[in-house]
Amino acid sequence: MDNTTPLPVGLTKDEIKRRVTEMVRTVFRKTIETASSQQIYNALAYTIKDYLSDRWIATHDQYESQDVKVVYYLSMEFLMGRFLGNAVLNLSLDETIREAMEELGVDYNLAEDAEADPGLGSGGLGRLAACFLDSLSTLGYPAYGCGIRYHYGIFEQHIENGYQIEKPDNWLKFGDPWSVRRDEYAMEVRFGGKVNSVKDEQGVYHFVLEDYHSVLAIPYDYPVVGYNTNVVNTLRLWDAEAIDRFDLQSFNEGNYERAVEEQNLARRLSEVLYPADNTVAGKELRLRQQYFFISATIQRVLMRFTEKHKEDFSVLPDYVQFQLNDTHPSLAVAELMRILMDTYYVSWDQAWEITRKTCAYTNHTIMSEALEKWPIELFSRLLPRIYMIVEEINRRFCANLIDWFGNDPNKIRNMAIVADGQVRMAYLAIVGSHSVNGVAAIHSNILKTQELRDFYDIYPEKFNNKTNGITQRRWLAKCNPGLSRLITQNIGDGWISNLDELTKLKPLAGDAGFQTDFMRVKRENKVLLSNYIKQTSDLSVDPDSIFDIQVKRLHEYKRQLLNIFHIIDLYNTIKMNPYMEIVPRTFIFAAKASASYHRAKLIIKLINSVADLVNNDKTVNGRIRVLFMENYRVTLAEQLCPAADVSEQISTAGKEASGTGNMKFMLNGAVTVGTLDGANVEMLEEAGEDNIFIFGMTAAEVLALTQSGTYSPWNLYNMDYNIRFVLTSLINGTLAPGEHDLFREIYDAMLNGYGGARPDEYYVLQDFQSYKNAQFKINNAYKDTARWAEMAINNVATSGKFSSDRTIRQYAEEIWRIKPIQVKL
Ligand code: NBG
């Protein structure tokens, strides 16, 4: 049996009924009739995990017996979304479970809904890691995801009076049924202290850390089930605990407080995720978190390696690959060096060669706010031995730079890993890796020609591109059953494991019957979303209006402002032409703003103020509706994607590394309005220009305009009546009755620059007219239902490239050089 043959039937309907009933009884002392949805969910989760275990164990036996090369995907974030539905889908158990629950008289949807959505990530970067895990297992690649088991994920967002309020997200409140705690693999991680050198019997000096304090890292393993395969990989999340003997000692000495203090200090490590996205929180605790999970992971990996290969580290790169998801895990470079040298006495040169072959780095942004740099003082105090190693890597690297470029102090200062009193994590990652990749073609090119040009000059062979992707299992098969069914009826279900098969839909794009079916499914999905909106926010939206959706983190470069300015303009136009005919449109926003990102939070308030104005204006009469849905998260995205007609991907060209939401909407048959940025560029290539609305400046034009220093938003303001009208409404009380100056900051930022920034830094006003034209075209295109359906279907049909299966295969073949395994039961 290979890994594509169907799974053995193991879990029948009756077996599920029996196990769930039993579990509810023994764990919760309830009957099926009296158990809550929460309890039923837990029982189901345990049942499925139990059922998975044989595959999970068999997968690991296979790693062991074949002694395969394994990739460790190191990431501070894994935005997994709910487990149950995904596991059930990948195991092809969906129907069986539904029937079992029905026969038990249980509402399966309610049980599914009882699962917390673990928000252990803040945006695209964390969600990408989750999609990658799904593809790794589905394709049968031996892999671990390694990260942190935060007790609190990204905050829960509430909107009160139009403002974002953050509430803690206690996702573990009702237990954690999917995890297996592995005390046997606990690792000690050391912080602080001082470095001493000691001579061994051969008279060689080695470095040892003394007077440190340590924390215990305990792994919790979560199963990652592949689709239609027996492979179950592992997501290993480390939790922090105090080391017992510390407590005991202090406790015995009568120092109870100190004992508890250690415990608290340790626990704080894995307590909360920093909800950064394209920004950094330069907090000490964040650096601690980074070292904590990196040190634990690498220690464990080397332990496993030496069990098999003794201390023959020259072959380590043949068995182990570390992929660094952005710079957050860059300490891996220095930690691997440390363990090789200090624990196993490998020489510097050999350790360096091994390290470089074992690590690879992915860059996810060119936003300078996101460049991680740690002050030397903090870094060396917290990680003294690691700092020594980084210094030495830097010293040798700078010496090489002189060979490459001659003694050019500016060049060296620009490229040094340690400079200006800081450790630059991106440079550490680049120098210590054999591969540096961007996440979309345009982004990788910008890295080579602009951001990392100096590094490209010396290491051209390291640079490559891996365009992001998304898993079609979660983002179509699971979240959009209506469209999935329609597609499968027409072209079979091969697309679930090979998304390129969607091209078979192309001939159907012009087929009137298929168009009708397609639009019926879309409408059903819009009705479902409308019902959900009605339930949660008591707002009625019209399922026959265009659903125009922009959901993503709130960031100025993503230009939610451009969208809302266009809405204000549309509103102004309707007020002046009350009988104007437009296709009714529902504008939907959802976005979390970093708690400390003041401007982003003000933009949320602005969107809500515009919503209040527009939705309550009789003249508008429902032609446009504006909605800000609170608490954007994976689960909400799963409801929004299937219902979208228009997908807003409107970042300033050159700023969005890739985007992945853009792909999810395309896959679900939305038409994109977007700039030539990130993966939009490749979406245009795939879909063709007739099926996407591209507007705005190109990245090259943005760069040229910035460099010219001639951009003047005042000129646009003076010459364009509509822009003037939009901006004026920010300060004349239209949007904030009684609080005229509430949005003045935005007005100032647009025209004068605010807090040292350039005026209209992200060229909202420069791209305004072009965006407006694109929106006008969309309005007209939607009137022709057949043409619209054809466009939407063509988007689905050409989205095959954006499967994370394709991305992962490229990583596996071109960077990791790992091979799939087959697991027999
Ligand atoms: C984000 C980019 C997105 C990209 C994801 C995944 C960071 C630092 N970067 O454009 O902004 O899609 O990474 O690659 O969060």
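**Salt bridges and a ligand site**

Let's start at helix α1, residues 13-28: D14 and K17 both sit in it, three residues apart, or about one turn of the helix. Their side chains meet in a salt bridge, 4.0 Å from N to O. Keep in mind that this is a predicted model. D14 counts as exposed, because its relative accessibility is 52% and the cut-off is over 50%. The pair also belongs to something wider. K13, D14, K17 and E103 are linked in a network of salt bridges.

Now the general idea. Side chains of opposite charge can pair when their charged atoms come close. How many salt bridges does a search of the whole structure find? The count is 55. I'll show two others.

Next, helix α9, residues 284-309. E284 and R288 are four residues apart there, so about one helical turn separates them. They form a salt bridge, and the closest N and O atoms are 3.4 Å apart. Are these two residues buried or exposed? E284 is partly exposed, at 27% relative accessibility. R288 is buried, with a relative accessible area of 15%. The cut-off for buried is under 20%.

The other pair is R559 with D767. This is a salt bridge with its closest N and O atoms 2.9 Å apart.

In the side chain of E656, an N or O atom is 2.6 Å from an oxygen atom of the ligand. For N468, a polar side-chain atom lies 2.8 Å from a ligand oxygen. A657 uses its backbone: an N or O atom there lies 3.4 Å from an oxygen atom of the ligand. How much of the ligand does the protein cover? On its own, the ligand has 370 Å² of accessible area, and the protein covers 95% of that.

Technical notes. Residues numbered from 1 in each chain as written. Predicted model: local features only at pLDDT ≥ 70, side-chain atom pairs only at ≥ 80, totals over all residues. Heavy atoms only, no water. Polar contact = N/O pair within 3.5 Å; in protein donor to acceptor, adjacent residues only side chain to side chain. Areas by Shrake-Rupley, 256 points an atom, 1.4 Å probe, with all protein chains shown as cover. Helix = DSSP H or I, 4+ residues; strand = E, 2+ residues; numbered from the N terminus. Buried < 20%, exposed > 50% of the residue type's maximum accessible area, 1.4 Å probe, protein only.
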